[in-house]
Amino acid sequence: MTLHTPGHAGLAGTAVITRLALRRDRIMLPAWVYLITAGLASTAYTFRKLYPTAAARAAFAVTGGGNPALRFLYGRLYGSSTGALTAWRYGIWAAIFGALMTIFIVIRHTRAEEEAGRQELLGSAVVGRQAALTAGLLAAATANLALIVLLCLALPLTGLPAAGSVALALAIAASGLAFAGVAAVAAQLASGARGARGLAFGVLGAAFVLRAIGDSAGPGGPAWLSWASPLGWVELTRPFGGPRWWVLALFLGLAAAGTGVAYALAARRDYGAGLLPDRPGRPAASRWLRGPLGLAWRLQRGTLGGWAGGVACVFAVSGAAAKGIGSLLGSSTALRDEFTRLGGQTAITSAYLAALIGLAGLAAAGYATAAVVQLRAAETGGLAEPLLATAAGRLRWGLSQLAVAVAGATVLLAVAGLAAGLGYGLRTGTGTGTGTGAAGPQAARLLGAALAQLPAAAVVAAAAMALVGLWPGGAVAGAWTVLGAVVAIDLFGQALGLSHWLLDVSPFTHAPRLPGGPVSAAPLLWLTVAAVALGAVGLAALRRRDLG
Amino acid sequence: MTNAIEVHALAKSFGRTKALDGLDLTVRTGEVHAFLGPNGAGKTTTIRILLGLLRKDGGTASLLGGDPWRDAAALHARLGYVPGDVTLWPNLTGGEIIDLLGRLRGHPPDAQRKQALIERFALDPAKKARAYSKGNRQKVALIAALASDAELLILDEPTSGLDPLMEAVFRDCVGDERRRGRTVLLSSHILAEAEALADRVTIIRDGRTAETGTLAQLRHLTRISVDAELAGPVSLGNLAGLHAVHMDGPRLHCEADPAALNDLLRCLTETGVVTLTCRPPTLEELFLRLYSSERPTARATG
């Protein structure tokens with residue numbers, strides 16, 4: 001590297017810091033890249049297996065590509081090849097995950113370092129003031145480059161055409177770079193890592209909503225909105241429908257603009273300062289903030305609100321998409337015969353809704369895991385010490401966090417069930433002869449179905465609690481591994497033909513498949529017992545061990 | 001019950017590292033006790049055991065007459081604590097945290113007292129903790145501890161990050177607390193702080209108690225620093241108990257054992273003294289001696 005020349009004084013030390021950044025990300029970065037690639041490749045594989053003939057794909061394209069709710073979620077469908085279907089079903093979502101990865105990387109190495117004060121330490125060495133920003137951007141670029149390489153290798157292996165694979169890989173990675181620019185600006189504007197991530201996620205959310213409205217708009221609607229969104233550009237590149245390579249220039253333009261603005265801002269602002277003012281808060285605590293429970297709720301409520309908002313949107317739209325799902329699945333002749341035998345439209349719709357509710361259960365388990373491992377983060381971050389030096393005992397501390405985690409999971413399941421029920425009910429309520437009722441009863445039915453997933457989600461949260469108590473050093477990694485295993489078993493276990501023994505490990509295997517499936521009290525009871533037992537073991541261990 | 005803290009032969013290991021290896025510490029009720037030692041000596045580990053955050057491997061420890069591990073929550077209602085490295089919840093304001101910690105202790109701080117401390121330390125309580133500097137985070141923890149009615153204050157390097165002005169405020173506050181009859185355990189490696197505040201001192205090294213006693217008692221063990229300007233050259237050749245003798249024409253600097261002081265002064269006055277400064281060693285010098293070349297074996301007085 002020749003960045004040490006005097007002409008680049010602002011960049012001195014960039015090479016060293018970039019290496020440091022990549023070393024710190026040596027696990028997270030490959031994991032993201034691998035998961036995004038695996039998601040796309042398995043989508044391609046699934047489409048090839050489920051819709052082997054051109055006719056089946058064409059029929060699917062007509063129903064799937066024409067369903068406004070699905071267009072809202074996935075975007076526009078260009079063509080009916082396996083590649084086109086793959087890019088439609090997972091292209092924008094892969095770009096969203098890529099953007100999330102990039103935002104995390106950029107903020108982590110810029111604003112988060114600054115907030116933690118570590119950058120001060122580095123900045124006092126021979127390190128230029130633009131070095132950290134450059135290092136963060138280089139780390140993000142490296143991740144997106146790795147994504148291009150891996151996608152270009154993996155997608156043709158699943159049988160997709162090479163040119164389209166390259167176009168899709170480039171579109172996803174280029175959207176990542178565009179969001180690197182967005183994150184770089186956010187890191188200069190906000191005065192903390194949390195605020196910076198919030199800003200960047202806000203832009204990502206706005207990009208999704210813009211293209212979702214544009215994509216689902218009917219004739220005469222604001223279809224042009226898709227062009228206003230970097231996520232829209234991913235589909236508009238048309239990777240498998242006659243690629244429009246020039247769209248890639250839009251991404252690069254946004255990336256360059258963001259980077260330029262970020263450098264200009266970074267050169268002008270003070271260390272540690274943001275350009276957006278920090279709003280003052282309450283000078284005294286409210287009545288509610290009086291114990292570990294109040295504190296746990298206060299610390300968790302913002303996150304929960306974010307999750308609830310996201311879950312409400314996704315499940316309302318997914319619920320609305322249930323209406324056309326029968327004809328969509330039916331376009332595969334094998335599936336059509338199977339489902340017709342099983343009881344026609346309603347059963348297919350129920351199966352779809354049950355799968356959706358299952359996803360709500362996994363989301364709730366994910367939220368609860370994140371909330372429980374906060375205990376360990378508080379312990380290592382020094383926040384447990386002032387708390388436990390007061391009359392609040394460890395048991396109250398641990399139990400409060402667990403309670404907030406499980407209560408949050410309950411809220412998320414309720415929101416998911418209600419939103420899916422309303423979305424479905426409002427679209428079917430106009431009387432299309434499906435035999436199901438209007439919004440109110442549907443919302444109540446799916447609310448119940450969703451809440452039946454709570455014991456299983458609580459088991460995952462309680463397992464995280466047990467790990468925090470028994471194995472503090474590996475608790476965070478362990479808890480996420482447990483969640484990952486549960487998600488993998490639940491989503492792919494049946495398809496991969498895993499043994500019953502392995503399937504039974506996941507608590508969701510024992511949760512009722514609702515709506516439509518049979519309900520019995522025994523499994524729910526056993527799951528509750530397991531959750532209570534794991535939680536009790538974790539809390540007991542937490543009381544006995546050293547903290548810190 | 002006269003001792004707020006009584007620790008005897010305390011031992012704690014982390015893996016193969018021995019953090020504490022037979023530490024003794026006695027803090028009498030109503031005194032300000034300085035707990036001194038270089039970084040890594042085991043001060044924070046001792047405090048964490050006293051707070052019931054860590055479990056001791058051996059020895060005995062009693063805090064306010066109770067067992068710090070078993071009775072943790074009940075004892076904590078009676079003490080205030082300022083950690084050495086203050087971390088605060090980034091999205092709570094300083095004012096919220098002060099209230100929260102007081103309520104968690106079971107005795108919500110008296111609003112007037114809290115307000116007075118906030119003004120005394122010049123803290124902006126409406127700011128989010130994320131925006132506070134290290135010194136301001138320290139102030140939040142100090143105000144939370146001082147505003148409580150706790151019998152015992154455990155302060156782990158409480159002035160790190162405070163500017164000299166705030167350090168002075170802190171000293172005044174500790175003085176007030178002593179007058180109100182509270183017990184203070186003040187861990188520090190800033191010796192001037194201990195000298196200014198402490199009734200008694202315990203110095204630890206490598207997880208063991210090296211010295212303990214009042215400052216006067218410790219000084220008794222130590223040399224006195226003598227600087228003199230004399231009428232002419234002096235010969236000290238036959239005097240015992242002198243160290244670090246340095247003569248530059250009529251100027252003399254040396255360190256004298258207390259027992260040698262009489263003979264030294266007689267010798268100096270015979271030559272004729274122009275100016276003379278004798279001063280007790282600062283804790284700094286005490287420290288340097290304890291932790292430099294001599295490495296004496298553990299001893300205890302008082």
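How many bridges join strand E1 of chain B to strand E2 of chain B, and do the two run parallel or antiparallel? In this predicted model, nine bridges join E1(B), residues 3–14, to E2(B), residues 17–28, and the two strands run antiparallel.

**View 1. The hairpin of E1 and E2 in chain B.** Strands E1(B) and E2(B) form a hairpin with two residues between them, and B:Gly15 in the turn has a positive phi of about 60 degrees. Along the paired strands, B:Asn3 has B:Arg28 of E2(B) as its bridge partner, while B:Leu10 stands opposite B:Leu23, which also belongs to E2(B).

**View 2. The open sheet of chain B.** Three strands of chain B make up an open sheet in the order E2-E1-E4, with antiparallel pairing. The edge strands are E2 and E4 of chain B, each of which pairs on one side only, and neighbouring strands of the sheet are turned against each other by 20 degrees on average, direction ignored. Five bridges join E1(B) to E4(B), residues 58–63, in an antiparallel arrangement, and within this pairing B:Ile5 stands opposite B:Leu63 of E4(B).

**View 3. Helix H1 of chain B against the strands.** Helix H1(B) lies across E1, E2 and E4 of chain B and runs at about 115 degrees to E1(B). The helix, which spans residues 43–50, is mostly covered, with eight of its eight residues buried. Among these buried residues are B:Lys43 and B:Arg48, together with B:Ile47, B:Ile49 and B:Leu50. Just after H1(B), B:Gly52 takes a positive phi of about 75 degrees.

**View 4. The two domains of chain B.** Chain B is divided into domain 1, residues 3–218, and domain 2, residues 223–279. The C-alpha centres of domain 1 and domain 2 of chain B lie 42 Å apart.

**View 5. The contact between chain A and chain B.** The contact takes 29 residues from chain A and 32 residues from chain B. On the side of chain B that touches chain A, the elements giving two or more residues are helix H2(B), residues 72–76, and helix H3(B), residues 94–105. Of the elements on this side, H3(B) gives the most, with eight residues. Sorted by class, the side of chain B that touches chain A has 17 nonpolar, 10 charged and five polar residues.

View 6. The largest nonpolar core holds 253 residues, of which A:Ala200, A:Ala368, A:Val372, A:Ala409 and A:Ala461 touch the most other members. Not counting residues up to four places away in sequence, A:Val372 touches A:Gln401, A:Leu402, A:Ala405, A:Ala461, A:Ala464, A:Met465, A:Val468 and A:Ala479. A second, separate core has seven residues, including B:Val226, B:Ala228, B:Leu230 and B:Cys254.

View 7. A:Thr82 is found in helix H5(A), which covers residues 82–109. A:Thr82 counts as buried because 26 C-beta neighbours lie inside 10 Å, the cut-off for a buried residue being 20 or more. Leaving aside neighbours within four places in sequence, A:Thr82 is in contact with A:Ala44, A:Phe47, A:Arg48, A:Arg57, A:Gly159 and A:Leu160. The C-alpha atoms of A:Thr82 and A:Ala54 are separated by 8.9 Å, although the two residues are 28 residues apart along the chain.

Key:
Residues numbered from 1 in each chain as written. Chains lettered and ligands numbered in written order. Predicted model: local features only at pLDDT ≥ 70, side-chain atom pairs only at ≥ 80, totals over all residues. Core = buried A, V, L, I, M, F, W, Y, C linked by C-beta atoms within 7 Å. Buried ≥ 20, exposed ≤ 12 C-beta atoms within 10 Å, placed from the backbone. Contact = placed C-beta atoms within 7 Å. Helix = DSSP H or I, 4+ residues; strand = E, 2+ residues; numbered from the N terminus. Nonpolar A, V, L, I, M, F, W, Y, C, P; charged D, E, K, R; others polar. Domains from an automatic or database assignment. Pairing = 2+ DSSP bridges. Axes fitted to C-alpha atoms, helices over the stretch in contact; angles between N-to-C directions.
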